Amino acid sequence: MINGIGVSPGRAVAPLVHMPEPVTEPPPDAELPADADREHESARIATATEQVRQDLDAKAARAHGDGQAVLEATALMAADPTLLAAAQKRVAAGTAATRAVWEAAEEVAAMLESLGGYMAERVRDVADVRDRIIAQLSGLPAPGVPVRSESFVLAARDLAPADTATLDPATCVALVTAEGGPTSHTAILARSLGLPAVVAASGVLDIAESTVVLVDGAAGTVEPDPPEQKVRQVQAARQRQRHFDGTGRTSDGHRVQLLANVGDPAGAVAAAEAGAEGIGLFRTEFCFLGRTTEPDVDHQAEQYAAVLEPFAGRKVVVRTLDAGADKPLPFLTDTSEANPALGVRGYRTVVAHPEVLEHQLEAIAVAAGRSSADVWVMAPMVATPDEAESFAAAVGRHGLDTPGIMVEVPAAALRAELLMRHVSFVSIGTNDLTQYTMAADRLHGELAELNDPWQPAALQLVGRTAEAGERHDRPVGVCGEAAADPALAVVLVGLGVTSLSMTARAIPDVAEVLLSVSREECGRLAEVALEAADARAARAEVRSQLPVLEELGL
Ligand code: PEP
Ligand code: MG
């Protein structure tokens with residue numbers, strides 16, 4: 001059995017297929033022969049680059065949602081003239097074409113790396129484009145996901161965004177990577193495709209091609225040659241179609257709203273189709289990312305209205321801009337900050353740029369005025385009662401009547417009572433709350449085990465916040481990735497959380513598991529998790545007491 005970190009729940013059995021070996025670095029002394037036609041070589045790079053861009057564009061056109069966005073971003077990287085120009089400069093000086101592309105990519109990557117944050121994360125895209133151009137120049141097959149007509153489990157060292165985006169979930173039934181962390185592209189895309197996934201499973205690369213493996217995306221395990229009986233169980237569970245009837249509740253009728261996390265208008269349409277009771281987290285960053293100036297109020301209002309539209313008459317929680325750290329915005333945040341995650345991010349950007357919040361609230365108010373959706377508005381990364389109070393006042397000034405805050409900072413959880421006095425609701429962001437509770441960067445693969453929402457310390461803060469909500473009669477939701485894990489969802493409800501917001505695909509599974517337990521049972525399992533020594537033990541203990549997970553293949 002190989003142990004890794006489960007980042008997208010579900011179980012699947014199929015033969016293992018390895019990603020093709022990556023393109024290797026051409027030797028540093030690869031030079032053009034003295035009589036080579038340098039202009040011709042230079043033109044070959046231009047043609048290869050254009051071919052790669054066209055291939056990526058074509059793939060983007062066939063993809064959907066997150067996948068499409070990722071492919072479009074990689075295609076943009078291929079279209080960026082900087083890489084091509086840097087490579088051609090080297091060819092003119094006598095470097096062989098493949099080596100020139102390699103070195104040019106290193107130069108571009110170093111530049112992005114020095115910018116930090118979101119830009120630094122684009123380094124993977126540069127490497128992806130580089131490998132595709134080199135393969136094209138060398139007449140090798142394009143690196144990427146193998147195409148198969150039968151089901152398979154994909155194993156890779158790590159997956160590039162452009163790879164994961166092109167996965168066809170009809171044949172690729174699970175993902176396992178030897179590297180990567182819980183917030184890697186692999187993890188995010190696997191969850192949005194509803195594919196079980198395990199990352200940081202070192203050892204998976206040693207399993208022979210075509211070996212049948214059982215991947216358990218909740219437990220974080222990969223089992224080669226599983227016993228026949230287990231295989232049958234998983235296959236039977238996968239055939240059961242689950243539907244959500246639109247009312248999240250426990251077996252004894254305790255109501256828990258099941259909402260969707262949405263990042264753009266297309267996501268809102270998909271969430272409505274999945275039967276989400278509303279939107280529990282509308283991340284508004286899509287309107288701002290990649291821009292050097294703030295989008296105007298009309299543009300924002302139009303985009304927000306498009307997200308509200310499929311949820312007429314239902315609740316939509318709009319989060320104001322969460323810039324900084326993992327979401328840097330050049331016009332708002334300083335990318336040279338020494339510690340961006342502990343820096344001017346989230347609500348804190350309001351001090352230097354109050355107008356950005358004002359414009360956004362104006363746009364939200366316009367969109368809300370055009371819609372019958374029940375619009376709630378919350379701020380990210382609030383840490384003090386003072387911040388909660390001024391945010392609520394700003395929301396009120398724009399005629400929006402349901403202000404809230406996200407609890408993502410331990411200080412806000414510890415003193416939730418004081419913050420809640422100023423707002424109508426709170427929503428716990430377990431991704432950030434875990435990172436700050438454990439002092440472990442959420443983007444850091446090596447810290448994945450610490451950065452696990454099952455950490456009892458983080459759960460304790462969730463419990464404390466929920467209790468404060470109960471005392472002050474304020475709804476307390478969870479909108480971090482934790483809510484999408486059906487076993488953890490049970491624990492969160494047991495801790496007193498009143499709504500769960502997650503990727504729309506996870507809703508039917510979470511709904512069914514919740515329906516199988518009483519409110520009291522949720523409370524007991526929450527105690528079990530809180531008493532565990534660490535995240536691994538908490539997950540294992542709770543899962544062992546929820547046999548329904550096994551029956552549902554989760
Ligand atoms: C969170 O931190 O849990 C959250 C939902 O916000 P984001 O992932 O956008 O930071
Ligand atoms: Mg957050």
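Reader: How many bridges join strand S7 to S8?

Author: This is a predicted model, in which local features need pLDDT of at least 70, side-chain atom pairs count only at pLDDT 80 or more, and totals for chains, interfaces and linings use all residues. Residues are numbered from 1 along each chain as written, chains are lettered from A and ligands numbered from 1 in the order written, and side-chain values use heavy atoms, without hydrogens and water. Strands are DSSP runs (E, at least two residues) and helices likewise (H or I, at least four), numbered from the N terminus; two strands pair if DSSP finds at least two bridges between them. Strand S7 (residues 212-216) runs antiparallel to S8, and the number of bridges joining them is 4.

Reader: Which residue in the turn of the S7 and S8 hairpin has a positive phi?

Author: Within this pairing, Val215 has Val222 in S8 as its bridge partner. The hairpin has 4 residues between its strands, and the positive phi, about 80°, belongs to Gly220.

Reader: Which residue in S8 is the bridge partner of Asn3?

Author: Strand S1 (residues 2-3) runs antiparallel to strand S8 (residues 221-224), with 2 bridges. The partner of Asn3 in S8 is Thr221.

Reader: Which residues coordinate the magnesium ion (ligand 2)?

Author: Donors are N, O and S atoms within 2.8 Å of the metal (3.2 Å for Na, K and Ca); water is not among the atoms, so sites may look incomplete. At 2.0 Å, the coordinating residues are Glu408 (OE) and Asp432 (OD).

Reader: How many residues apart in sequence are the parts that this pair ties together?

Author: Glu408 is buried at a relative accessible area of 2%, and Asp432 is buried at 1%; buried means under 20%, exposed over 50% and partly exposed in between, with a 1.4 Å probe and protein chains only. Glu408 lies in the loop between strand S13 (403-407) and helix H14 (410-414), whereas Asp432 lies in helix H16 (residues 430-438), so the parts tied together are apart in sequence by 24 residues.

Reader: What distance separates the centres of domain 1 and domain 2?

Author: The chain is divided into domain 1 (2-17 + 148-159 + 167-239), domain 2 (38-138) and domain 3 (257-517), with bounds from an automatic or database domain assignment. Taken over C-alpha atoms, the centres of domain 1 and domain 2 are separated by 29 Å.
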